[in-house]
Amino acid sequence: MINKLKQCRICGNSKLTRFLPLGKIPLPNGFLKSADLKKDEPKYPLNVGICTSCGLVQLMEIVSPEIMFRNYVYIPSTSKTRMNNFAQIASTVRERFSVGPESLVIDIGSNDGSLLSYFKGYGIKTLGIDPATNLAKIAELKGIETINDFVSVELAKKIRRSKGPAKIITATNVVAHINDLHHLFTAVEIMLKDDGVFICEFPYLRDLIENNQFDTIYHEHLSYFSIKPLQVLITQEGLEFLDVERTPIDGGSLRVYLCKKQKSSKASPKINNLIKEEEEIGLYSTQTLHSFASRVRNLRTKLRAKLKSLKKKNQIIAAYGAAAKGNILLNYCEIGTSLIDFAVDSTPYKQGLFMPGSHIRIYPEAEILKRMPDYTLILAWNFAKEIMDKEKKYAAKGGKFIIPVPEVTIV
Ligand code: DWN
């Protein structure tokens, strides 16, 4: 069920320095039915460390992907911001790499087919790969062919034989979830045309550290990528950076465009500049990481104190967005039903369930106007603007928002 990390998953170095213990916490997408509340809730260690050689920040323990991803409640279509990001990826990739109806686009970790539906909208051939049986079914109902399995070399060979090579392979918020990166990249190279492009997007360690985004550290996210270790990985996998962009999604992400190493390749100045910036801000120094850890502990103290003082004044407090990150924040800060009266979420499968660890019950978003809590803690702070725009009436009637990250702020 749990494997202790013995060596860095990029460079194999066995010396990893832990800098933030988050304790033992239930899986952040492990939502509970009322019948489960009386049962023992499994908790898993959450410790993050840095490789002293290539600099990859990574979890020190690995929970089996079979437990985490076979039945999956997170879907991207609950957020306009995320869907707009998908639409932008599809239109940019189509134009920049002249992807036409004859081209195949494969999405690894395709979830409910949301990203691929934009490519399909352009008449492009698509194929999804996702281990979540429940989501693969939804994607198929939307007309997105989806292979319900984890990506693997064996599956890649089958796809290449049956579908031919892909012009584009995408992987948004999934590369960080995969333990064996060498296996992943080997599978990608099998499926990718020689002039194809592999586009990955994932949260950027620099934004995580600079904006105290500790709650995005959880069991599903094995790696917290930055350019320096990524360059080691890409080089050893026989690929090269075509381009790299910082994007605003999820509190700040990297979108990297990779291709098979060309003979005439030269190092991209953009990559070297980004690595130089990472070194200059001390991203890999233990001093930076330890001050991040102390900011996290201070945030925990401040948030608990704030909620407790509001509760002392008999204020009703709701939580908005039963996000995986929200469950980490609540469990690490030991915030439960004594401080939060209820939660709301737009995801149909989460409504009526209880949040793991805190056991806060989840209602549809309409519960906010119905019960008019004095304060609403936005757990999905990466969508705070979208949520506050949606809940203008609540604010107009005097409701206040608490945004916990990067600092505890009342709006
Ligand atoms: O990497 C991952 C990211 C992409 O998604 C996965 N490991 C798991 C998941 O993390 P998350 O649950 O923190 O993702 P979100 O998309 O930040 O979660 C937002 C939550 O807030 C969803 O449950 C939907 C909800 N929401 C809502 O209720 N009303 C979101 C918006 C925008 C809203 O208006």
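**Exercise 1.** State how much space lies in the largest cavity and which residues line this cavity.

*Solution.* Step 1: the largest cavity holds about 60 Å³ of space. A cavity is a set of points, on a 1 Å grid over the protein atoms alone, where a 1.4 Å probe fits but cannot get out; a volume is the space filled by probe spheres set on the points, which are joined across faces, edges and corners.

Step 2: the model is predicted, with pLDDT of at least 70 needed for local features and 80 or more for side-chain atom pairs, while totals for chains, interfaces and linings use all residues. Residues are numbered from 1 along each chain as its sequence is written, and side-chain values use heavy atoms, without hydrogens and water.

Step 3: lining residues have an atom within 4 Å of a point. Here they are Ala176, Pro203, Tyr204, Leu205, Leu208, Thr216, His221, Ser223, Tyr224 and Phe225.

**Exercise 2.** Sort the lining of the largest cavity by class.

*Solution.* Nonpolar means Ala, Val, Leu, Ile, Met, Phe, Trp, Tyr, Cys and Pro; charged means Asp, Glu, Lys and Arg; the others, Gly among them, are polar. The lining has seven nonpolar, three polar and no charged residues.

**Exercise 3.** Find the residues with the most contacts inside the largest nonpolar core.

*Solution.* Step 1: a nonpolar core joins buried (under 20% relative accessible area, 1.4 Å probe, protein chains only) Ala, Val, Leu, Ile, Met, Phe, Trp, Tyr and Cys residues through side-chain atoms within 4.5 Å.

Step 2: the largest one has 119 residues, and Leu20, Ile108, Phe198 and Phe214 have the most contacts inside it.

Step 3: apart from this core lies another, of 18 residues, including Ile89 and Tyr257.

How values were computed: On a 1 Å grid over the protein atoms alone, a cavity is a set of points where a 1.4 Å probe fits but cannot get out, and a pocket is an open set with protein on both sides within 12 Å along at least five of seven lines; lining residues have an atom within 4 Å of a point. Buried means under 20% relative accessible area, exposed over 50%, partly exposed in between (1.4 Å probe, protein chains only).
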